[in-house]
Amino acid sequence: MIEVRNLYKSFNGQEVLRGVSLRIERGEILALIGMSGFGKSVLLKHIIGLMRPDRGQVLIDEQDIFALRGKSLEGMRRRFGFLFQGGALFDSLTVFENIAFPLREKTGLGEAEIKEKVLFGLDQVGMTEAAGKYPGELSGGMKKRVALARALVMDPEIMLFDEPTTGLDPITTSLIHRLIHCSYERLKFTGIIVSHEIPKIFEIVHRVALLNQGRIVEVGTPAQIQTSAHPVVSQFISGAIEGPIECH
Amino acid sequence: MTLSLLEGMGRMVAFLGITLFWALVPPFRVGQVIRRMRFIGVKSTLIILLTGAFTGMALGLQLFYTLRRFGAESMLGPVIALSLLRELGPVLSALMVTGRAGSALAAEIGIMRLTEQIDALEAMALNPYRYLIAPNLIAGIVAFPLLASIFNVVGIYGGYVVGVKMLGLGPGVYWGEMQNLVRMKDILDGLYKSLSFGVIVTWVCSYKGFFTGYGAEGVGKATTEAVVLSSVLILAWDYFLTTLMV
């Protein structure tokens, strides 16, 4: 369903993606792991068309997202939900308004239906009591939960999670993972999760891909990745300082 | 160097073109425009009242004694009014709003860029030019002439207080000569200037915020550049318009 073909991207002459190719099947959740600064978030932003590559393609159901313009690009993006690293909640809106925002802007729903959907979303992430608060009044974990509710409120077919648990304590991390798993059970979306939570993240994904030096090194099930003999994969999984991965 | 300067200018012009396009395409975001008018206009009223009053009073004082040398104190009213309506009102009010609202606009959009709020808009299939930038431009076009009008009225009353109440000029002379010599064209020329300054400030400040650099330093730099460039453009564009209007 999502196919990344030979994707290249450089910033100021520095190559971040060097021919990334990857395929994610419909209804599958893939964990994208790798060193910080090696292009995982950049790859996610290409998949939704927020960044344009130097060359290469991202096909969503055989449609190249970079060939789409205007209404067709809008239509394609409506199929996505994106959980940003910092939540990306709108500062000037309350929690309720943040979640209602895409519904108000992109659907013809009445206020009563919007309220019902928002309260359902807030209930799912256990944030009903924070409906009237502003993002600035929330902790990091609470922001992530609200952002998750906002990303899911349009019932997306494809969910992209950019480090959904970075900077959170272990209990909140488990809570976010459980929320992602529960929402997957409900919506059966196709998902990509950029994460450093190893091995916790393996519990909620079908496959894992390791991105290193701008290329996908190995793709496999969590069990295959954990027992991989590939020196880069085994170094990354074990967290060893010595090995083929250059530490900056 | 020249090439990158040209590229930057081209990007700025393209940014304005895209924003104008989305400002003219319905559905119009009236609520957002009103919120931005409050941010740019209403919240700048106090500073406009203060600067307008003191500018008018200083003008009254300076011009009264200057005109008295030529025995032309009776011209105080029209000279103050013409100075404010055609030149000082639009320019000074625009510079004050640049300092107050333009800098905040650049910083706000810059922070939205850094915290991925603009990316979030795009990810939700919402066009940031339409939802974020165009309302600022429309609000600037409406708010700047209104603020300049407030500046002018308060300034003219400031001149009245000094010239008539403090220095003893007859009120009939102050207002009468003003009515005789100020034409509607003088008022309209000033308002056209303000309108164009509204475009310049919201355009430059939105652009600088939209393409901010990384981190707090990037936002700080974008804000400074927004204020400096807006101010220089206001003065340069004012000279250009004045040569067309005189």
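Predicted model: local features only at pLDDT ≥ 70, side-chain atom pairs only at ≥ 80, totals over all residues.
From helix 1 of chain B, pick out Ile18(B), Thr19(B), Trp22(B) and Ala23(B). The residues they meet in helix 6 of chain B are Tyr129(B), Arg130(B), Ile133(B), Ala134(B), Leu137(B) and Ile138(B). Colour this contact by residue class, and it shows 8 nonpolar, 1 polar and 1 charged.

Helix 1 of chain B covers residues 2–24, and helix 6 of chain B covers residues 128–166. At what angle do the two pack? The angle is about 90°, and the axes are 8 Å apart. Helix 1 and helix 6 of chain B are therefore roughly perpendicular to each other. Two numbers are quoted here because packed helices are described by the angle between their axes and the distance between the axes.

Stay in chain B and select helix 4, residues 76–114. Follow helix 4 of chain B to Leu84(B), where the helix bends by about 55°. Then go past the end of helix 4 of chain B to Glu116(B), which follows the helix and has a positive phi, near 65°.

Zoom out until the whole of chain B is in view. How many helices and strands are there in chain B? Read along the sequence, the pattern is α-α-α-α-α-α-α-α-α. The C-alpha trace of chain B spans about 65 × 40 × 30 Å along its principal axes. Chain B has 246 residues, of which 45% count as buried. Take the contacts in chain B with a separation of 6 or more: residues 24 or more positions apart account for 86% of them.

Next, select the contact between the two chains. It takes 14 residues from chain A and 10 residues from chain B. On the side of chain A that touches chain B, the elements giving two or more residues are helix 2 (70–77), strand 6 (80–83) and helix 3 (95–106) of chain A. Which of these gives the largest share? Helix 3 of chain A does, with 3 residues. By class, this side of chain A has 8 nonpolar, 1 polar and 5 charged residues.

Hide chain B and look at chain A by itself. The secondary structure of chain A comes to 8 helices and 10 strands. Its C-alpha atoms fill a box of roughly 55 × 40 × 35 Å, taken along the principal axes. A compact globule of 248 residues would have a radius of gyration near 18 Å, and the 18 Å of chain A agrees with that. Buried residues make up 42% of the 248 residues in chain A. Of the contacts in chain A between residues at least 6 apart in sequence, 64% join residues at least 24 apart.

The last stop is Ile204(A). Look for Ile204(A) in the loop between strand 8 (190–194) and strand 9 (207–212) of chain A. Is Ile204(A) buried or exposed? Ile204(A) counts as buried, because it has 21 C-beta neighbours inside 10 Å and the cut-off for buried is 20 or more. Leaving aside neighbours within four places in sequence, select the residues in contact with Ile204(A): Ile29(A), His177(A), Ile180(A) and His181(A).

Definitions and conventions. Residues numbered from 1 in each chain as written. Chains lettered and ligands numbered in written order. Helix = DSSP H or I, 4+ residues; strand = E, 2+ residues; numbered from the N terminus. Buried ≥ 20, exposed ≤ 12 C-beta atoms within 10 Å, placed from the backbone. Contact = placed C-beta atoms within 7 Å. Axes fitted to C-alpha atoms, helices over the stretch in contact; angles between N-to-C directions. Parallel < 35°, antiparallel > 145°, perpendicular 65-115°, else oblique. Nonpolar A, V, L, I, M, F, W, Y, C, P; charged D, E, K, R; others polar. Rg over C-alpha atoms; globule rule 2.2 N^0.38 Å. Bend = angle between axes of the 7 residues up to and from the residue.
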